[in-house]
Amino acid sequence: MQLDDIDRRILRVLQRQGRVTNAELAEQVNLSPSACHRRVQRLESDGIIAEYVALLDLKRIGRPTTVFVEITLSGQSDDLLDRFEREVARVPDVLECHLMAGSADYLLKIIAIDTEDFARIHRRYLSRLPGVTQMQSSFALRRVVQTTAVDI
């Protein structure tokens, strides 16, 4: 799908103000409300807008610790990768899991209450994931940049 300038303006606004009303959005992008609504519906149905979410302040909900875990598996068979991915998707504390090129097979982003809580997550979930031969955990000291908005 080709995005025109109006689509890009709509997407820029929605990335930063997901709860904006259609009337406010239409005004910001200089469209009539009905035309704006049709455009947003098309962007949703075409899969450009994948979903709407509420981003939580992890410190305020008691999960201020972010840990990045590099995982190396014992092999690269489709069966092992599928089993690992199914199981890691069940770990409630994993925010992201990426199949990687490089020294590690997967990179996980995990949130925890503190180091003790991460130790629990490690014992209860991570150490039981199929095919894991090595794990390297790195604790984030401070978030420098965080955004979900991409340049459109």
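A salt bridge is here a side-chain nitrogen of Lys or Arg within 4 Å of a carboxyl oxygen of Asp or Glu. By that criterion the structure, a predicted model, holds ten salt bridges.

One of them joins the side chains of R39 and D4, with an N to O distance of 2.8 Å. R39 belongs to helix α3 (residues 33-45), whereas D4 sits in the segment before α1 (5-16), so this pair ties together parts that are 35 residues apart in sequence. R39 is buried, at a relative accessible area of 18%; D4, at 32%, is partly exposed.

A second example links R120 and D93, whose closest N and O atoms are 3.8 Å apart. R120 is partly exposed, with 29% relative accessible area, while D93 is buried at 4%. Returning to D4 and R39, salt bridges with shared partners join these two residues with D7 and R42 into one network.

The side chains of R60 and D57 also meet in a salt bridge, at 3.6 Å from N to O. In this pair R60 is exposed, with a relative accessibility of 75%, and D57 is partly exposed, with 40%.

The next element is the sheet. It is open and consists of four strands in the order β2-β3-β1-β4, with antiparallel pairing. The edges are taken by β2 (94-99) and β4 (132-139); each has a single partner strand, so one side of each lacks a neighbour in the sheet. From one strand to the next, the twist averages 20°.

Within the sheet, β1 (residues 65-73) and β3 (residues 106-112) pair in the antiparallel sense over seven bridges. A point of reference for this pairing is T66, which stands opposite I111 in β3.

Two helices lie across these strands. Helix α4 (residues 78-88) lies across β1, β2, β3 and β4 and runs at about 10° to β3. Helix α5 (residues 115-124) lies across β1, β3 and β4, and its angle to β3 is about 130°.

Methods:
Residues numbered from 1 in each chain as written. Predicted model: local features only at pLDDT ≥ 70, side-chain atom pairs only at ≥ 80, totals over all residues. Heavy atoms only, no water. Pairing = 2+ DSSP bridges. Axes fitted to C-alpha atoms, helices over the stretch in contact; angles between N-to-C directions. Contact = heavy atoms within 4.5 Å. Buried < 20%, exposed > 50% of the residue type's maximum accessible area, 1.4 Å probe, protein only.
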